[in-house]
Amino acid sequence: MTEASLMAREIAEITDAVRRFLDASKPAVAEVGRRLADLSPAVTVTVARGSSDHAATYFKYACEILTGRPVASLGPSVVSVYGTRLQLVGQAALAISQSGRSPDIVALLRAAREGGAETVAIGNVEGSPLLDVAHWQLPLKAGPERSVAATKSFVTSVVAALAVLAAWSGDEALGAAIDALPDRLDEALAADWSAALGTVAGARSLYVLGRGPGFAVASESALKLKETSMLHAEAYSGAEVLHGPVSLVEEGFPVLAFVPADAARGGLVEICQRVAGSGAALFTVGDAGVGTRLPHAATGHPLTEPLSMLVSFYRFVEGVARARGLDPDVPRGLKKVTETL
């Protein structure tokens, strides 16, 4: 029997990592939530790169949907390359990083704090430079992550950001869904996506679609297909794929669509029908009434369901890499900590 990859072992640890964070961090999350409620920022800026930036995008959509307050991603080069002084008095800054050691991310959060922002850092390495820079620290406690492709730290980062949002907004339904999430993620890990394995493993290119938090999950999925499987994958908002990219969809072109049961579902169903009509080999996570439906674990809340879908995808993409004859732990040209300026 082939030994399980580091990536597979860390995917299997996701549920325990989420439980650890929720059990250990409730007081800290509540305190950060109270501070943000008192501050009442008109704008929140996010500081992140790579997978962590997809976690920040997930938070962006959830925060804007729930509170109506805009969230903007800051480009690290604005500070690290261009030397801009940020003006953020009365606003909030949320940084997310697995390692907490990328110099440009640390410099950007420091600049946000010096510019007057209330700063919160989410990271998996306690004592990292990023956590040390922030007013408020939320260590993930996910345990060491040795696989280059981040999985358990990504999921726990999103859970941490959503928990802060629930505490800040006082949304009890979201808080309850987060508390119940570990059991749902156990179910997500058991979902069988083998119906899509041959098509995706044999593809040269594919699209991944989603809207709202589902777009953040689509972006993360496309990145993982590139990282682990050397497969050209592009993520699009369901609304944007019709503005040009759909012209590349022809007979057999693979499309993976995340279709959670939220307000965007109707529009995504129409888009799925459009790409299926163009001949796409369509796979949907959630009910679109067309294509091949892949199973997922419902979470009972539209802001947490895409995360459950992603956990099932992680197991799937590790299998895609192996089916393509690749080692998901040794992606070409990548290393665990990317130090950019």
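# A guided tour of the predicted model

Begin by selecting Met-230, which is partly exposed, with a relative accessible area of 38%; buried means under 20% relative accessible area, exposed over 50%, and partly exposed in between (1.4 Å probe, protein chains only). This is a predicted model, in which local features need pLDDT of at least 70 and side-chain atom pairs count only at pLDDT 80 or more, while totals for chains, interfaces and linings use all residues. Residues are numbered from 1 along each chain as its sequence is written, and side-chain values use heavy atoms, with hydrogens and water left out.

**Two residues with positive phi**

Met-230 sits in the loop between helix H11 (213–229) and S7. Helices (H or I, at least four residues) and strands (E, at least two) are DSSP runs, numbered from the N terminus. Although Met-230 is not a glycine, its phi is positive, at about 50 degrees. Most residues other than glycine have a negative phi. Next select Ser-40, in the loop between H2 and S1. Ser-40 is not a glycine either, and its phi is positive, near 50 degrees. Ser-40 is partly exposed, with a relative accessible area of 35%.

**The sheet with S4**

Now display the open sheet of five strands in the order S2-S1-S3-S4-S5, whose pairing is parallel; two strands pair if DSSP finds at least two bridges between them. Strand S2 (71–73) and S5 are at the edges, and each has a single partner strand, so one side of each is left without a neighbour in the sheet. From one strand to the next, the twist averages 20 degrees.

Select strand S4 (residues 118–123), where six of the six residues are buried. On one side lie Glu-118, Val-120 and Ile-122, and on the other Thr-119, Ala-121 and Gly-123; all are buried. Strand S3 (residues 92–97) runs parallel to S4, and six bridges join them. Here Ala-95 has Ala-121 as its bridge partner, and Ser-97 stands opposite Gly-123. Strand S5 (residues 136–139) also runs parallel to S4 and is joined to it by four bridges; Ala-121 stands opposite Gln-137 in S5.

H5 lies across strand S1 (44–47), S3 and S4, at about 155 degrees to S4. Axes are lines fitted to C-alpha atoms, for helices over the stretch in contact, and angles run from 0 to 180 degrees between N-to-C directions.

**Ala-17**

Move to Ala-17 in helix H2 (residues 14–39). Is Ala-17 buried or exposed? Ala-17 is buried, with a relative accessible area of 0%. Leaving aside neighbours within four places in sequence, Ala-17 is in contact (heavy atoms within 4.5 Å) with Leu-140, Ala-142, Lys-152 and Thr-156. Although Ala-17 and Lys-152 are 135 residues apart along the chain, their C-alpha atoms are separated by 6.8 Å.

**The sheet with S6**

Select next the open sheet of five strands ordered S7-S6-S8-S9-S10, also with parallel pairing. Its edge strands, strand S7 (232–237) and strand S10 (292–294), each pair on one side only. Six bridges link strand S6 (residues 205–210) and S7 in the parallel sense, and Leu-209 stands opposite Tyr-236 in S7. Helix H10 (residues 194–201) packs on this sheet, touching S6, strand S8 (254–258), strand S9 (281–285) and S10. Helix H12 (residues 265–277) lies across S6, S8 and S9, at about 160 degrees to S9.

**The cores and a helix pair**

Which residues have the most contacts inside the largest nonpolar core? They are Val-155, Val-159, Leu-225, Phe-258 and Phe-313, in a core of 78 residues. A nonpolar core is a set of buried Ala, Val, Leu, Ile, Met, Phe, Trp, Tyr and Cys residues joined through side-chain atoms within 4.5 Å. Helix H7 (residues 152–169) gives the largest share of this core, 12 residues. Apart from this core lies another, of 20 residues, including Val-45, Leu-86, Leu-108 and Ala-121.

Finally, select helix H9 (residues 181–189) and helix H13 (residues 305–323), whose axes come within 8 Å and cross at roughly 35 degrees. In H9, Leu-181, Arg-184, Leu-185, Ala-188 and Leu-189 meet Leu-307, Ser-308, Val-311, Ser-312 and Arg-315 in H13.
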